[in-house]
Amino acid sequence: MRKVIVLSFITLDGVMQAPGGPEEDTSSDFKYGGWVAPYFAEADEAAGEFMAKQLKPADLLLGRKTFDIFADYWPEHADMWPGINDVTKYVMSNTMAKSDWKNSVFLKSVDDIKKLKNSEGCDIQVHGSGNLAQTLLKHDLVDELWLKIFPITLGMGKRLFGEGTIPAAFTLTESLITPNGVIFVNYKRAGEVKTGTIGA
């Protein structure tokens, strides 16, 4: 069985929309695209090393919109993400069936994702792809969350955790706090949510 790892840049209020640039995703009149840039301009060596580990080759599972952004950018910038052109890119889409970007495979349903997860192979990373990430969380198909939490609130925009997210517990596996307040944190799935009374 393969692990599904969701990686996301998020704000303190859970927004994940258009972290990389102003034109990345302007849907619903989102006007804060590129909100991570000021923080990465000041990134320290430890943060760079943490990010480099997360960009090691792994197969990708992407929603169609994120795939379009990636396919437009990464084939010409592979020096920044070694191996990106060689790994398999699985794309969840009901409207797209082929791409010029090599090693692209198209999926149609949650059952297709379940079959992929139950196959043999390397870890599968989900970058961006908000709707897909919410579908995976709803169906308990996320094994790990690798989050980069930025010290801002936006009050609008697409959020990682939507109404379909199921109750689930996670265990911290790795963390880093940068001097400018960005929290890098990795969690793995850890069973059911437990409740109790403090001090009882």
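Modeller: Helix 3 gives the largest share of the lining of the largest pocket, 6 residues. Helices here are DSSP runs of H or I, at least four residues long, and strands are runs of E, at least two long, numbered from the N terminus. The model is predicted: local features need pLDDT of at least 70, side-chain atom pairs count only at pLDDT 80 or more, and totals for chains, interfaces and linings use all residues. Residues are numbered from 1 along each chain as its sequence is written, and side-chain values use heavy atoms, with hydrogens and water left out.

Now the space itself. The largest pocket holds about 1,300 Å³. Its lining counts 37 residues, and the closest to its centre are Pro-19, Glu-24, Thr-66, Phe-70 and Gly-128.

The terms need their cut-offs. On a 1 Å grid over the protein atoms alone, a pocket is an open set of points where a 1.4 Å probe fits, with protein on both sides within 12 Å along at least five of seven lines; lining residues have an atom within 4 Å of a point. Points are joined across faces, edges and corners, and the volume is the space filled by probe spheres set on them.

What is the lining made of? It divides into 18 nonpolar, 13 polar and 6 charged residues. Ala, Val, Leu, Ile, Met, Phe, Trp, Tyr, Cys and Pro count as nonpolar, Asp, Glu, Lys and Arg as charged, and the others, Gly among them, as polar.
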